[in-house]
Amino acid sequence: MIKESNLVKNIKPFVTAKKISKSYGNNNSVVVLNNISIDLFREEFLSISGPSGCGKTTLLMILGCLMNPDNGEVKIDNFNPYKKKSSDRAKIRSEFIGFIFQDFKLIPYLNVMENIRCSALPLGQISDNDKLEKLLSILKLDHRRLHVPSQLSAGEKQRTAIARAMITSPRFILADEPTGNLDEENTEIVLKALRDYSNNNGSVLMVSHDTNIECFTDRHLKMSAGGFEEK
Amino acid sequence: MNIRLLVFREIRFNLGGFTAGVLAIFLSLISYLIAGSINADLRINTSKKLQLMNSELNEEVTALEDGIRKSMKGLGFNIYIYPENQDLSAVYERGYGDKTMPENYVSKLANSKIIHINHLLPRLTEMVDWSEKDRSVLLIGVRGEVPIAYRGPNIKKPLINPVKEGSIVLGYELHHAYGLKVGDKVNFLDDEYTVSITHKRRGTVDDISLWMNLSLVQKILNKEDKINTILALECNCESLDRLGEIRNEIHKILPETKIIEKESRALARAEARNLTKFTGEKQIQNFLQSKKELIHIQSIFSFGFVIIICILCSFWISHLTISNINQRLIEIGTFTAIGFGGKKIMILILSRVLLMGLIGGMLAVLLFVITCPNVFGYDVYKNVTNNFSFIIIVLIAPLTLAVMSAWIPVLRAVLKDPVDVLRND
């Protein structure tokens, strides 16, 4: 259910996908997304759940300017990223989008602070130290700041990945099963962090096969066999 | 936080692979430098050996030349002056010339300021039948030595005394065959002469020669005031082209003459000197040619070896880069997701490869600079390093080799769809 405040403040969605389709395999024999549409509003925490292979990750990749849909149109802040050059899409990703992956995808040779800061590199920015400290504190990573990923627990790794996604204050965060490898305590920390982010002028789109996440989000969509059934 | 830090952190993280890459570059460059040093060493040694050979040859030739000068100075040498139209093949065939020239030619020479000739002997020679004895003899009309006027009276004993009119000088065969002795009377072409001198056996044409007064012979042969040769004896000239020098001098006085040299010890020595010089030069040329071939073959083999090493190292670096990139596919996908463009990712990977080339190259040069002067000597070190191509190769080759070897894997990594990595993982 969309929060009333969002409906009032953000009548126009920030990210829009209209009738997008995507197929894989020889002759596009495996249809993953079939003519689906989705909007993501500002300050909205939207979750999508569904079984494995239903196209959740593909949808995230398309919305994250990483994969061109076969059909349909994606608009971010009213422009279509797929009508731009690859280098421009990279710039859009660095300015507008933060990614969180189920398996964290941290850079193995960088410590926690460096992993967080590296997402500011494409923007040519030196990350804000206060913001970094705040994120380390919120995500309970203070004592791990100089540790490399191999020295971290799964929860710490995911919290580092969340901090990395948030350090540049992107307009929206795309989270692919962020709690998939976490225990209850860490799941709560992660969801709370994402909730807080969406409450502070950001948007979050999270996909998960876990249906219990809907209580943390503003709106929840259920996905099956390439389509949505809105709740 | 910057790209540089990322590169250094990654190198520290994958130090083994990086070190292996550095080693590949190091091996390539050091093999090139060693090959270059070996070739330079051979070139320099050849050059030194050639210098030594040249110097030895020059010493030998100089010694021979000194010998020639000394022998020419002491012995002098003899020349024949013939009329210009004299066919020399006739001279060499008969032993005398059949053409004549005016007798006053000898006076011209004697009255000139000629410096290279000491004695002048005009002659008229012809083979005639000694009808009284029914045999052929070589009739030689001689006038005795004509003194060279500007030198004043000759205080030395003349080389040849003139034959008085009415006298006759006989070679060994002539007086021995007929039992003639000095003071005997003998008929020659209807006139009677007194034998004044009988020569011992010489084993030459002199043994059948008969000498008479020149004017008498001119009358007998109907060649009044004519001679067919002037024998110039004890010519002195210290230069090696003595004949040329004397020819020049004589031709200024008697332009219508032809001059040939009578064999002498000095000539033999000059020939020996020429032969020594020719043989020595030939030996040097042969040595140089064989060394050139050796240098050429060695260059081909050594640089072939270097090329093989470079190709192997290039595959090695390529393999290492592929392994490195395969290890880093997730990292590359992640960087792409957070907004790194293809160029930045390429810089990230190529910087590592360039550093590999830089460090490998520097280590090779360092080892070369430390060891080359001790192993091959300073000359070789200088020869190799004082070379523009050396500087270019040392600066560019390691980096080029590293980048070229890694280029295709890097390009593949950059062009790889990040979604494949992010999704498949």
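## Domains of chain B

In this predicted model, chain B splits into domain 1 (3-61 + 275-424) and domain 2 (77-263), with bounds that come from an automatic or database domain assignment. The C-alpha centres of domain 1 and domain 2 of chain B lie 82 Å apart.

A word on conventions: residues are numbered from 1 along each chain as its sequence is written, and chains are lettered from A in the order in which they are written. Local features need pLDDT of at least 70, side-chain atom pairs count only at pLDDT 80 or more, and totals for chains, interfaces and linings use all residues, while side-chain values use heavy atoms, leaving out hydrogens and water.

## Chain B in numbers

Chain B has 13 helices and 11 strands; these are DSSP runs numbered from the N terminus, with helices being H or I of at least four residues and strands E of at least two. Of its 425 residues, 44% count as buried (under 20% relative accessible area, with exposed meaning over 50% and partly exposed in between; 1.4 Å probe, protein chains only).

The accessible surface of chain B comes to about 22600 Å², and 58% of that belongs to carbon and sulfur atoms (Shrake-Rupley method, 1.4 Å probe; for residues, only the protein chains shown count as cover). Take the contacts in chain B (heavy atoms within 4.5 Å) between residues at least 6 apart in sequence: 80% of them join residues at least 24 apart.

## Helix 3 and strand 5 of chain A

Helix 3 of chain A (residues 86-96) has A:Arg89, A:Ala90, A:Ile92, A:Arg93, A:Ser94 and A:Phe96 as its buried residues. They pack against strand 4 (71-76), strand 5 (97-100) and strand 6 (172-176) of chain A, and also against helix 9 (329-337) of chain B.

In a regular strand, side chains alternate between the two faces of the sheet. From strand 5 of chain A, A:Ile97 and A:Phe99 point one way and A:Gly98 and A:Ile100 the other, and all are buried. Strand 5 runs parallel to strand 6 of chain A, and 4 bridges join them (strands pair if DSSP finds at least two bridges between them). A:Gly98 stands opposite A:Ile173 of strand 6.

## B:Glu331 in helix 9

Back to helix 9 of chain B, where B:Glu331 lies. B:Glu331 has a relative accessible area of 5%, so it counts as buried. Setting aside neighbours within four places in sequence, B:Glu331 is in contact with A:Ile107, A:Tyr109 and B:Leu348.

With A:Tyr109 there's a side-chain to side-chain polar contact at 2.3 Å (a pair of N or O atoms within 3.5 Å; within protein, one must be able to donate a hydrogen and the other to accept it, and residues adjacent in sequence count only if both atoms are side-chain atoms).

## Nonpolar cores

The largest nonpolar core has 39 residues, and B:Leu120, B:Phe188, B:Leu210 and B:Ile250 touch the most other members (a core is a set of buried Ala, Val, Leu, Ile, Met, Phe, Trp, Tyr and Cys residues joined through side-chain atoms within 4.5 Å). Not counting residues up to four places away in sequence, B:Ile250 touches B:Ile79, B:Ile81, B:Leu109, B:Ile114, B:Ile117, B:Thr257 and B:Ile259. Apart from this core lies another, of 37 residues, among them A:Leu40, A:Ile62, A:Leu63 and B:Val419.

## Positive phi

Most residues other than glycine have a negative phi. A:Lys19, in strand 1 (residues 15-24) of chain A, has a positive one near 50 degrees.
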